[in-house]
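Visitor: Could you walk me through the terms used for this model, with the cut-offs behind them?
Guide: Gladly, let us take them one at a time.

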Amino acid sequence: MLNYLKINDFALIERAEAEFSSGFTVITGESGAGKSILMNSIALLTGERVERGGIRSGCKSYTVSGEFTVPPALLAGISSQLEEAGINFSAEEPQLTLRRVVSASATRNFINDIQVSSRLLSDIGCRLIDLHGANEQISLTVPARQLELLDNFADLAELRKMCADTVAEIRALNAEKSAFESNLPDAGEADRCALIVEEISAVNPAPDEDEELSAKQRIGSNARLVLETISMLTGMLTENEDGIADQLGTVYHHLSGLEKIDASLVTDAVSVCAELQNSVSELSSSLAALTEKIDLDPESLAATEARLSELHTLKRRYGPTLEQVFAARDAATEKLQKYKDAQKRRSEFAEEEKALAEKLDSAAAKLSAARKAAAVTFIELARKKLVAIGFEHASFDVEFSTVPPGANGSDRIELLFNANAGGELRPLRKVASSGELSRVMLALKTVLADADDVPTVIFDEIDMNIGGETANKVAEELHELGKKRQIFCISHLAQVAARGDHHFLVYKKERDGRTISTVCELDDPAPELARMLGGGESALKHAKELCRQHKK
């Protein structure tokens with residue numbers, strides 16, 4: 001619901017503010033007073049194209065802002081949209097402020113003081129306001145919107161969701177199939193993968209084998225030097241006369257002599273010397289044991305070097321590490337397996353596609369049947385409403401055509417209308433007269449009042465070319481619709497204006513030599529109704545009578 005509207009420096013409006021309530025609100029004023037400016041201002045909040053020429057003379061920009069209360073039916077959808085855009089919005093305080101600032105060079109759009117794209121503002125604004133004015137794109141004339149409203153009218157959300165969910169499954173399957181095909185090797189690549197697997201498997205390397213063989217090769221190629229060094233060291237330690245072991249024996253002998261004099265003098269030294277003797281013996285034994293690991297066989301060394309050469313060839317082609325060689329083998333094996341299993345997987349895809357297509361056809365058929373059944377009731381109610389607002393000879397119908405099954409089923413509909421007896425039914429979107437179209441919209445809005453979730457509906461020129469009893473019927477329909485929606489109507493008929501729950505007047509005045517337009521709410525609409533009736537005492541008397549009748 002639109003709670004508050006503020007306009008600054010737009011066309012003839014220097015500054016205008018208005019607070020609105022629920023129900024049926026009438027806006028009146030003399031021709032040229034600025035009612036169209038008011039309509040254009042509200043249209044801007046639905047994302048309509050800006051008018052840079054609308055900047056008031058002497059000003060740099062104009063601003064239009066509106067505060068809305070989001071109804072419960074729209075909370076989830078709008079909250080999700082705003083959350084994606086990073087705008088805080090709470091269902092506990094469901095107020096939104098939409099604002100547009102238009103200068104000669106740029107347009108800035110705001111939701112709750114956060115700058116947003118014009119598209120997001122339009123998406124939100126069009127969900128809050130349905131604007132029916134001359135030369136406006138009217139949501140109910142769009143076939144896709146007509147289909148959506150018929151579904152809402154018939155409470156077909158679940159059947160429609162079945163179609164949408166199935167389409168989502170089909171898209172997911174197509175994405176999976178596309179990814180499978182894009183990653184699938186061709187025959188040439190499959191041959192290359194087979195060669196990779198064959199070559200690596202023929203060598204059959206083991207983890208860390210290259211490092212172990214490299215160590216073995218280094219020792220084998222230096223075996224004689226290693227053995228000579230070990231022999232020299234063991235000689236120095238234990239085998240040669242005057243070796244370290246013998247010298248430690250002499251040290252131990254002298255310490256033992258000192259120990260006989262006074263054991264406390266050399267107790268620690270004797271212990272250390274004994275440990276050194278043991279360590280030297282162990283070291284010599286360890287070095288001697290190494291000789292058993294040294295292979296002087298040239299054939300064994302040649303075999304090690306040949307094996308290393310095989311491993312190095314693999315690492316050069318697929319490495320540089322052995323781990324990468326294993327990874328290349330695994331990847332080639334996986335691709336080769338995919339290639340071998342491709343036909344089987346394609347057959348599985350085909351079966352899944354067929355099953356989902358049948359599922360979608362079935363869901364679309366059920367939805368179509370339910371729509372066509374609901375359309376009968378919808379047409380009957382619409383015809384009654386059209387007669388009630390003055391189209392005594394009008395005809396109305398819903399034309400169905402079949403389209404490929406999709407998220408919305410397999411139907412495309414077109415609302416058909418003819419205002420005159422014997423005339424040809426034509427698509428509603430092609431109805432020429434804006435006043436006529438507005439009244440058709442009124443009839444449909446009344447029928448769809450419980451189905452359409454747009455909280456605020458604005459009609460312009462809905463009473464054009466009508467009068468008498470038809471005007472009274474239109475007024476009554478607007479008033480009834482105002483019990484379910486916030487309704488605004490720019491009216492030229494006193495009968496319609498008198499039926500409003502609230503009455504706003506747009507008028508011009510002169511200040512400092514300049515003409516400005518302003519808006520005010522009327523406590524007593526009788527004088528304005530009298531002006532609309534032609535003025536004079538009799539008109540005022542008639543206006544007061546209209547007010548009295550409707551207050552009852």
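Visitor: Which residues of α14 are called buried, and what makes a residue buried?
Guide: Buried means under 20% relative accessible area, exposed means over 50%, and partly exposed is in between, with a 1.4 Å probe and protein chains only. In α14 the buried residues are Ala 471, Val 474, Ala 475, Glu 477, Leu 478, His 479 and Leu 481. This is a predicted model, where local features need pLDDT of at least 70 and side-chain atom pairs count only at pLDDT 80 or more, while totals for chains, interfaces and linings use all residues. Residues are numbered from 1 along each chain as its sequence is written, and side-chain values use heavy atoms, leaving out hydrogens and water.

Visitor: How do you know that the buried residues of α7 line one face?
Guide: The buried residues in α7 are Glu 209, Asp 210, Leu 213 and Gly 220. Seen down the axis, they fall within an arc of 90°, so they line one face of the helix. The arc is taken from the directions from the helix axis to the C-beta atoms. On the other side of α7, Glu 211, Glu 212 and Arg 218 are exposed.

Visitor: Why is Asp 208 called partly exposed?
Guide: Its relative accessibility is 36%, so Asp 208 counts as partly exposed. Asp 208 is in the loop between α6 and α7, and its phi is near 65°, a positive value in a residue other than glycine. Asn 204 lies in the loop between α6 (187–203) and α7; this residue has a positive phi of about 50° although it is not a glycine.

Visitor: Why is the pair of Phe 20 and Phe 488 called edge-to-face?
Guide: Rings of Phe, Tyr and Trp (its six-membered ring) pair if their centres lie within 6.5 Å; planes under 30 degrees apart count as stacked, over 60 as edge-to-face and the rest as tilted. By this rule there are 7 aromatic pairs. For Phe 20 and Phe 488, the centres are 4.9 Å apart and the planes at 90°, so the pair is edge-to-face. The pair links distant parts of the chain, 468 residues apart: Phe 20 is in the loop between β2 (13–19) and β3 (24–28), and Phe 488 is in strand β13 (residues 486–490). Both Phe 20 and Phe 488 are buried, and together with Phe 504 they form one aromatic cluster.

Visitor: What makes Arg 345 a charge over the face of Phe 349?
Guide: A charge sits over a ring if NZ of Lys or CZ of Arg is within 6 Å of the ring centre and within 35 degrees of the ring normal. Arg 345 is at 3.8 Å from the ring centre of Phe 349. Likewise, Lys 372 lies over the face of Phe 400, at 5.7 Å from the ring centre.

Visitor: How do you know that Cys 520 is in no disulfide?
Guide: A disulfide is a pair of cysteine sulfur atoms within 2.5 Å, and the count comes to 0. For Cys 520, the nearest cysteine sulfur is that of Cys 547, 15 Å away.

Terms used: Helices (H or I, at least four residues) and strands (E, at least two) are DSSP runs, numbered from the N terminus.
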